[in-house]
Amino acid sequence: MSTIQDFLGKGKTGDRSKKYQELSKDKTEAEKRELEMHLLKPDKIPPHVTESADYNLFSPISTLTVRMVFPDEEALALFKKHFPVSKYVEPSLARMDKMMATVQLYEDGKITYDAKTNKVTVKK
Amino acid sequence: MNKDIIQEANRFVLGCKNKTPESKGYGSPRISSEISDCSMPMTFDNLSFCSFGCTYCFAYFFKSNNPAIKEISLKSVDVDSTIRTLQGNPTHKLEKRFYKHFYKRKFLLHWGGLADPFCNIEHKNYCAFPLIDALGDLNYPTLFSTKGAHTLLTPKYQKLFQKHSKQHNFAFQISMVTGNDALARDVEIGVPSPTKRLEVIKYLSDLGYWTILRLRPFIIGITDRDLEGLLERALEAGIKGVSMEFFALDARANVGMKTRYDWLAKLVGTPDLMKYFSILSPQERGGYMRLNRLVKEPHVKTVYKFCAENNLVYACSDPDFKELNTSGSCCGMPDLYPPNPLLQNWTKSQLTYHLKEARRLYHRTGDLALFRLTDVYKDESYLFDKDLANDHVTVIGRCCAERNNLTQFAILQEQWNNLRSPANPRNYLHMKMMPVGVDEENNLVYRYNPLSYEERWVEEGIDLTR
């Protein structure tokens, strides 16, 4: 039966193994190591061309995670002033309460943002 | 021998010299990072370091590259607390986790993964003795992995193992890389000789215990010199199985490891061990370089044939030829053990068992087995516990939120589905399992891939249906 190994080695995988066994007889350890390096190099795995799984491991964590990129360090510093950022392993918000409360105000229409003037208005 | 290698091999030994393990801060057991194909993922060590100076020691490679280990501080587990936990009275959080998932159902305890339980520290202090005696009193199934023949043969330990011999709850893997005492002295500095180790195999086998010759690491250029002679002597001593895994080289060599590699290079017969491993190791397996299947084949064939001819369990922990295991445990524990069925209490939720079954199926029927993630990893509560994944090497670099929600199953799933990961089954087993599609849960499905060596061996009359 043909195998992927044979396909890669053009049917010569077994030949290489037999050839090594013949040639290595009565050789010193050093000569055997040299022979191994010449004859027994590993085959490469062919590229996987069929379906691949779309793994989504830390669900719900990964689906609930977003990355924020700030325009400059000043903006980041301003953000960090109001929202606590933890630097454990990689920076992330330590507490979401304040940010979520702000977002909720937007959602409820109590805060509005005018993109043209770049201004936020708070309804009383 | 040159002084440099003696000094280097004794680095941890000298650090531990004249110390007794007074600190009880060593955390063990832990879940093995080899959980994907390990039948005994609960692995235990009673000490943080070992007194033996084996130049190939993978635990040394691991520990000497660990920046968290800043000094050699000999620590012990809290023996009293471990006994209490085994008896059903855990107090701390992790003790409760291990009791719930393992101890309560007497899951096989594997002792000796990162340090030898019967090394010179134990020989001098007997610090593990009360725990081993308690394991005997509890009829707790335990597999020791050791080279410490001198400690096992002390009157105190002889008496202990005689006392518990009738219930057969203990099993022993005795590690050897050669049967030649002089050669062993060059490779394993300060370790009891192979002759002494064969003596302890005979002693324990005569008591009725399950004993395994552990050819690990199998070092090509060392272990294959008079391999047949060693197998014959071990058989005569009473072994019931042979377990093998080939030496692998960590590419992250620090100064100490480089000294060891240079020494081993001379012994195996190559000027540059790193170059030898770089050329002959599949790149898909990453920086922990394991030689390819072709280099290993003649040696595996010798051991496999010997086991078949003498009705021994053949066990292979190496990713190559793992399918040849004749039990589902690559440490060489039997599938069935009537003298004490508790010794069968290891898990089948791992790849070794499923690969073995797939190889049997193919050679008995011609059918090619499919591997699905949820078929391979199932039925084990510890796979889904969020408190038991933090020892895994892959947690490094993950953020806190991920760590807190990580399970062993999630790590296995990530590796299973990521074809770029060195731990992916296709890469790790180097084409023994090949992806053929995805299942309804969008996980990859693999198929058993018969390789050309199987055809050649069958033509030679070697039985691959065992």
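**A:Lys81**

I started with A:Lys81 and found this residue in helix H4 of chain A, which covers residues 73-82. This is a predicted model, so I read everything below as such. Is A:Lys81 buried or exposed? I get 9 other C-beta atoms within 10 Å, so A:Lys81 is exposed, given that 12 or fewer counts as exposed. I also checked A:Lys81 against A:Arg33: they sit 48 residues apart in sequence, and their C-alpha atoms are 63 Å apart in space.

**A:Val120**

Next I went to A:Val120, which belongs to strand E4 of chain A, residues 119-122. I counted 11 other C-beta atoms within 10 Å, so A:Val120 is exposed. Leaving out residues up to four places away in sequence, I see A:Val120 touching A:Ile111 and A:Tyr113.

**Where chain A meets chain B**

How many residues does each chain put into the contact? I have 35 residues from chain A and 44 residues from chain B. On the chain A side, I noted helix H1 (4-8), helix H2 (13-23) and helix H3 (29-39), each supplying at least two residues. H3(A) gives the most to that side, with six residues. I sorted the chain A side by class and got 14 nonpolar, 11 polar and 10 charged residues.

**The sheet in chain B**

I then traced an open sheet of eight strands in chain B, with mixed pairing and the order E1-E2-E4-E5-E6-E8-E9-E12. Which strands stand at the edges? They are strand E1 (30-31) and strand E12 (313-316) of chain B; each has a single partner strand, so one side of each has no neighbour in the sheet. At the E1 end, I found two bridges joining E1(B) to strand E2 (residues 42-44) of chain B, and the two run antiparallel. In E2(B), B:Met42 is the bridge partner of B:Ile31. I also looked at what packs on the sheet: helix H15 (residues 293-309) of chain B does, touching strand E8 (210-218), strand E9 (241-246) and E12 of chain B. The direction of H15 makes about 155 degrees with that of E12(B).

**The largest nonpolar core**

The largest nonpolar core has 133 residues, and B:Val242, B:Val303 and B:Tyr314 touch the most other members. H15(B) turned up again here, as the largest share of this core, six residues, comes from that helix. Why do I place this core between the two domains of chain B? Domain 1 (3-347) and domain 2 (352-454) both give residues to the core, so it lies between them. I listed the contacts of B:Val242, not counting residues up to four places away in sequence; among them are B:Ile212, B:Leu213, B:Leu215, B:Val303, B:Cys307 and B:Tyr314.

**The two domains of chain B**

Last, I looked at how the two domains of chain B meet. Taken over C-alpha atoms, 25 Å separate the centres of domain 1 and domain 2 of chain B. I have 27 residues of domain 1 in contact with 26 residues of domain 2. On the domain 1 side, the elements giving two or more residues are E1, helix H5 (93-101) and H15 of chain B. H5(B) gives the most to that side, with three residues. By class, I get six nonpolar, 10 polar and 11 charged residues on the domain 1 side.

Notes
Residues are numbered from 1 along each chain as its sequence is written. Chains are lettered from A and ligands numbered from 1 in the order in which they are written. This is a predicted model: local features need pLDDT of at least 70, side-chain atom pairs count only at pLDDT 80 or more; totals for chains, interfaces and linings use all residues. Two residues are in contact if their C-beta atoms, placed from the backbone, lie within 7 Å. Helices (H or I, at least four residues) and strands (E, at least two) are DSSP runs, numbered from the N terminus. Ala, Val, Leu, Ile, Met, Phe, Trp, Tyr, Cys and Pro count as nonpolar, Asp, Glu, Lys and Arg as charged, and the others, Gly among them, as polar. Two strands pair if DSSP finds at least two bridges between them. Axes are lines fitted to C-alpha atoms, for helices over the stretch in contact, and angles run from 0 to 180 degrees between N-to-C directions. A nonpolar core is a set of buried Ala, Val, Leu, Ile, Met, Phe, Trp, Tyr and Cys residues joined through C-beta atoms within 7 Å. A residue is buried if 20 or more other C-beta atoms lie within 10 Å of its own, exposed if 12 or fewer, and partly exposed in between; C-beta atoms are placed from the backbone. Domain bounds come from an automatic or database domain assignment.
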